[in-house]
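Hi,

Here is the structure I promised to send over. Have a look first, and then read on for what I found in it.

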Amino acid sequence: MKKHMKIFKEKRNTIVLVSAVFSILIFNSCVNLDPDPVEFDLPPGTYGSVGDLDNAIIGVYGQLTNAAKWTTFHAPSWAGDDITTHRESNKADFREFDQRNVASANGRLLNNWDAVFNIVNTANSILERSEGLVDLGVDPEKVNRLIGEVYFLRGLAFFHAARVHGKIPLPLTRLPDPNIGLSEVSEVFAQIEADFLEAESRLPDVYPGVMPGAVRPNKGSAQSLLSRLYMHWAGFPLKDTSKYTDAANKAKEVIDNSGAYSFGLMDDLEDLWKLENRFNNESVFTMSYCGDCGFATANLKNSILGLPGDFDGWQETFAEVRFFEDFPEGARKEATYRTDLDWENFVDQKNPVFKKVAGPEGDLPSGAFMTGRSDFYMRYAEVLLIYAEASGRSGNVTPESWEALNKIRRRASGLPYDTPDAGVDITTGDIAELAFEERKWEFAGEYLRWFDLVRMERVEEALTRRDEPGIINESNAIIGSLGTDNYFSPIPAAAIEANPNLAN
Amino acid sequence: MKKKLFEFLTKGIPFGMFLLLLGLQQVHAQNTISGTVVDNESVPIPGANIVVKGTTNGVVSDFDGNFTINASSDDVLVISYIGFTKKEVTVGSQSTIAVQLDPDVEELDAVVVIGYGTAKKSDLTGAISSVSTKSFENQPVTRVEEALQGRAAGVTVAKGGAPGAGYKVRIRGVNSVTGNNDPLVVVDGVFGGDLRTINPNDISSMQVLKDASALAIYGSRGSNGVILVTTKKGAGKAKVSLEHFFTISQLANEISTIGSADFARTKNTNLIAGGAAARYSDNDITALENNPFDYEDMLFQTAIGNNTQLSISGGDNKIRYFVSGNYANQEGTVITTNYERYALRSNISANITDKLKVGFNMYGSRETQVNNPDNFNRFKGSVILKALTWDPTLPVQDESGEYITRSDIANNNFNPIATLKRSNRERAADRFNANIDIGYDITNNLKYQLIVGVGTISQNIESFIREDNPSDANANHTQINFSNAKTTNHQISNILNWNKSFNKHNFDVTAVYEFQGSRVLTNGYNTAGTSTLNFYTSDNEDISREDFFNRGSNSAIKSYLGRVQYNLDNSLYLTGSLRVDESSRFSKENRTGYFPSAALAYSFNKLKFIEDSNVLSNLKFRAGWGQVGNENINATARFDRTSPNGRTVFDGENVLIGLVDSQEGNPDLTWETTTQVNVGLDAGFFSGKLTASIDYFHKTTEDLLLRTVLPGTTINQFQNVGEVVNKGVDFSLSGSIIENDNLTWDATFTLSHLDNEVTKLTEGREQILGSINSIDGTSNPLNVIKVGEPLGSFFGGTYMGTWKEGETFPEGVQAGDAKHLVDEEGNNVLGVIGNGLPTLTWGLNTTVTYKNWLLNAFVNAASGFDVYNQLAGAINGGTGDYRDDLSPLNAGQWTPQNQTERPRRGAPNNLLSSRYIEDGSFIRLSNLKLGYSFEDLISGVNTLQLYVSGQNLFLITDYSGYDPEVSSTPVNSNNNNVDAGVGIDKGAYPNPRTIALGVKIDF
């Protein structure tokens, strides 16, 4: 009996124990089906402070840096008569532009497309989300400036793509319409103008607390880009020549306020390409990089990218032979090319080397591909030449127009730009064409020439000249059409694949 | 076969006569019966149960196996012991009974684990493949996945060649584009096992649940199939088992490329033709002729592996135990690669009382993987691809010992040998699982089971990868990564089972309430461009180049399950189940999923035509329908997210990091649902000596969980989009062809046919371009997901041979160049040009034993699929970073004299071309083993087997690359899973050929 009792007791203990375990495990679910979404992430939402807005704008700049640090950002400019690339190596995408035979599958085209619309989308997201900020009683001046900056960057992104493709989609909402179609060039230009005007009205004369050269844009930066926009608006394909007046006026506005904006010419053109001068007043909008901070924020366009295999270069950006031969001798040519190199006897490929790309002798660490060189997205020199050209094309030439042109001519000859010099200055002739010619030399290798050829419909003329037999022939012969039918690059195949409405 | 039948008859008839005689005895006296219980080797079994059938009168055998019991002559004694087949003996006139129990080899075949319970194999209504230890014990396997390959119909296993690489296991095709298609692995009732880390020796059986009626009980996680792993329990006398094998592995075949000297000569010829000077002098060429640089030879090595297994097991009616240890070390055939695993297991179960059972299983493992090439920079191809396309005129080190990392010709990337030799990337994963299994019989028919499992995985990566030289300007290609990931899981399952028979009506009802939670935390550190020589000293002073990250996620599921199994007279079987899951991955409104299933089976065994048949011994028809789900996506998939990757500098020095939108939330996100119909037939012949099973299935997966990129953005969003259909047939045939005292021969054949098709995508979309990019430096995709095509089709242009002399060439093209199909504007027409998913796979596993000799062969094969051979494309040069043609001379290239369809040497090359699509069909001798067992060689040793085996001894295929079975893992697997790019070879790690020598000892 006792034994049985014991067994019973043991049994009872077991039952108690098991029941206790049951009740704990069955009835207390220890899982949480609603995890806290902000435990690990900062989800986007309406901005709660200017700090949030600031953070988001750095995000847009991050996207700009990520795109612009690569030569890819300017790959369409290889179509110009100033720049070429290696005849083989892994430069096929660049050659397609160089040879006027751009496929819709061109990888650089797609990368640029994605990069541009990343900037646009992020800008749209900020504009939408910051709507509530105005009522929060935060520093209205700062909010206004930050919003102005967003408009500036969106306009810049649209403009960057419009110059390449002509018709582009114009998404203006946080998430773009997945079936968005292409807008006509006139609509595109109107949108870019609206964005830059919005930026112009909101941005201060000088952005507080940044390096010289408008590392973050000011009112003058917006006006300068507007003047560039009007030049294209007046040229191919819209040819609304009334815009030359707008171009001249905007450029003049920048010139008249250059003191307030801290814009001006560098004394010596050669100095512009030195690393030590990466922040200077000639740049009206600068993209800044850090050469020692790693891949993400280094400029990857210069130094060995501009050198042939003879110097262990990466053979990406070479100067065209014909353009080099036609280039007027003088200080500007010296500042543009590495004339110390015997390019005619290169083994790898016989092309001159851009000093603007490879850097002045000994300036960039040898063999470097990551540099801290800045990009001068637009220079004050261009504002002056736009003024000269636009005043000529709009029939409103003034002595100031000639002075604007002559400043550039004087500096090109190695003279002080502000001191009149009878040997160099000109005050008669077709100022528009003289200024256009001046741009050719002044901005050689700065990824602008192709777009000048497009707006003035000079592609055939320039590229036929490029391929005339010379002391050394071009490596990459023209394959595609030089007519206006081939001025704009196709919409990337992958973009059409994702949204067939972009096909036409 | 005739002989076997005869043998069966000669053995069977006397036994039947004996039973008949016993049955005729009609004596009713109560006597004291004494007896002994021994095993098949006449070793006494202590603790065996002897019960008079139908009574509670029972005793237990003593230490010597002896027992005494009171019974009358018409009583039947039931003698049972765990691990042995139960035996019934009618007392009759006997006063002493000697009982020999046979080990229950059929135990695993007869009873299968079906998830939340077991069932007799004959009672199954669903499609389940069983893989028992017996079927793979003849192959020296270090990986559980190898044991599944070719042994379970409907299961495909794709190996990775790298030691310790993940194997891809798929059950009945692939459903999901973004979500993971890995089957759910349940080890001893606990979810989330990783087959890679399990010691194959610990496994007693694996069941592969394939059709929805079997899977529906796993509800939201069943759609990729479920593999139930049951680990061993000890039984009987203590048994010590020791096995060691040693392997030697080598590259199975080589790919020919141009030799160093020929390359130099060709380069000179081309340079001179282009007006340039020769690059190599005659002396250079002679030197290369005498001392060529063969980068393939430098990359691959003969690899040594060792694997040691030790297990101790045993038990009686109170306690059973199984304790094991395993150490595996496998060098890779690519230099510097290595894998090491330690695994320890302890399974203990105890019968506390008649009604209460407790089991406690513990498993711990440590894996260390060194230099898996998949973790190296593969943007432009793997180290293997780089080695085969690297400048063959340069050594790895110059005379001063400095590594030569770049060349201005051939491959434009870093020297792969220099990279591997100076890098050390170690991934160490520690896994600890513990689970308690408590069973309590509330009544004879009502049982309660509680499974509590906890698991932790700690993964640590220490990576030092050096591609360039620190002395280079802007040396930026030394990448340091350090990361830790900790996953903690918990699971609690409450299982209530009621089982009762009323006459011919048998019911089995199961109810489950279960919940699981998981928390993943990762943190890490990256830097680049350090000049230090190793990982630990690399903490860079320059904090602007350092990155830190902390991330994490939580997920949870709560589930309810009900299942009713009914059978009428063991002939008609019906099963119905419903599982309800609530998952944290979906918002409240979309969180609850209902997964029903229904199945019926009918056994014809009681019908006269089978009972009377000498041939057909079993025939069963099965049909089932059910729905299962898939929730294998990021825990944070439904939320809006930003990522801190907008980096910029305003002052040229200080990096600022801004946030950009990276994911758009989707509150409507819900399960991917697979509806499956299965019809099957099981047949047994010659008393089960030969069994066959055939199943037809049709699976429709809807609301695919797709990670889409919102059009016009790079913002991701998870959506339920599209539909994929898999249909096919699984067939298996297994039999003992010869079975006598000296000679046995048995074989198992499995075959699966699979037809996969994407039937729907987003409204209005015909295709989604894949995210597996070409290695030519463009972002063009190599794969596409297209309606009407199998998942993960290859994307590219259609190759039309070469341009011949006399044809009108487009601009920039010359005779001998590749010709592709173009549209009116001259652009290549891109479309589906192949598919990497095999439509037919089969395996044949056969074992012959003669006296003490054993011979096992395992052949597996796949056909009806293509491989996109990007490696061959890269060797041809002429595109992207592949600047020179390294294909062998005289490989049939076009010449003006011989205008073949293979483009001329040095022609511009397009990798996105059907030119590089090859038939991947193959037949592989996966394993061939010859063993000899010594008996009574040493006292105390039961068996000692010595064996030699070879794996991957031959491969019959037309594929020109290393191996058609391996495919490169996507570099970026975030957007599409690996199945969306199966069959793309960008220099995948080939399967080695391995010879193993082993010894197996049982004490």
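Before anything else, a word on naming: helices here are DSSP runs of H or I with at least four residues, strands are runs of E with at least two, and both are numbered from the N terminus. Please also keep in mind that this is a predicted model.

B:Asn371 sits in the loop between strand S21 (356–370) and helix H9 (383–389) of chain B. Its phi is near 55°, which is positive even though the residue is something other than glycine. Is B:Asn371 buried or exposed? It has 26 C-beta neighbours inside 10 Å, so it counts as buried.

There is a second residue of this kind to set beside it. B:Asp703 isn't a glycine either, and it has a positive phi of about 55°. You'll find B:Asp703 in the loop between strand S33 (690–702) and strand S34 (705–709) of chain B. Here the count is 18 C-beta neighbours inside 10 Å, so B:Asp703 comes out as partly exposed.

Now chain B as a whole. It has 12 helices and 52 strands. Its C-alpha atoms fill a box of roughly 115 × 65 × 60 Å along the principal axes. The radius of gyration is 32 Å, which agrees with the value near 30 Å that a compact globule of 1003 residues would have. Of those 1003 residues, 48% count as buried. If you take the contacts in chain B between residues at least 6 apart in sequence, 69% of them join residues at least 24 apart.

Chain B also has a domain assignment, with domain 1 at 19–101 and domain 2 at 107–238. The centres of these two domains of chain B, taken over C-alpha atoms, are 38 Å apart.

On to the strands of chain B. As a reminder, strands of a sheet pair through backbone hydrogen bonds, either parallel or antiparallel.

- Strand S15 (residues 203–209) of chain B has six of its seven residues buried, so it is largely enclosed by the rest of the structure. Strand S10 (residues 128–132) of chain B runs antiparallel to S15(B), with five bridges, and B:Ser132 stands opposite B:Ser205. Strand S16 (residues 226–231) of chain B is also antiparallel to S15(B), with six bridges; there B:Gln207 faces B:Leu228.

- Strand S44 (residues 840–850) of chain B is joined to strand S37 (residues 743–760) by 11 bridges, running antiparallel, and B:His753 has B:Leu840 as its bridge partner. Another 11 bridges tie S44(B) to strand S45 (residues 853–863) of chain B, antiparallel again, with B:Thr841 partnered by B:Ala862. S44(B) and S45(B) form a hairpin with two residues between the strands, where B:Lys851 takes a positive phi near 50°.

- Three strands of chain B make an open sheet in the order S47-S46-S51, with mixed pairing. Its edge strands, each pairing on one side only, are S47 (917–919) and S51 (984–985) of chain B. Strand S46 (residues 866–869) of chain B runs parallel to S51(B), with two bridges, and B:Asn869 stands opposite B:Asp985.

How many residues does each chain give to the contact between A and B? The contact takes 71 from chain B and 82 from chain A. On the chain B side, the elements that give two or more residues are strands S24 (478–502), S25 (505–528), S26 (547–568), S30 (641–649) and S31 (655–663). The residues on that side divide into 22 nonpolar, 31 polar and 18 charged.

Finally, chain A. It averages a pLDDT of 90, and 91% of its residues score at least 70. Residues 1–8 of chain A are another matter: the pLDDT there is below 50, and the stretch has zero contacts in the model beyond near neighbours in sequence.

The domain assignment of chain A gives domain 1 (48–202 + 457–504) and domain 2 (295–358). Between these domains of chain A, 21 residues of domain 1 are in contact with 20 residues of domain 2. Strand S1 (83–84) and helix H17 (459–466) of chain A are the elements that give two or more residues to the domain 1 side. By class, that side has four nonpolar, eight polar and nine charged residues.

A:Pro237 is in the loop between helix H7 (219–234) and helix H8 (243–256) of chain A.

Cheers

Methods
Residues numbered from 1 in each chain as written. Chains lettered and ligands numbered in written order. Predicted model: local features only at pLDDT ≥ 70, side-chain atom pairs only at ≥ 80, totals over all residues. Domains from an automatic or database assignment. Contact = placed C-beta atoms within 7 Å. Nonpolar A, V, L, I, M, F, W, Y, C, P; charged D, E, K, R; others polar. Pairing = 2+ DSSP bridges. Rg over C-alpha atoms; globule rule 2.2 N^0.38 Å. Buried ≥ 20, exposed ≤ 12 C-beta atoms within 10 Å, placed from the backbone. pLDDT = per-residue confidence, 0-100.
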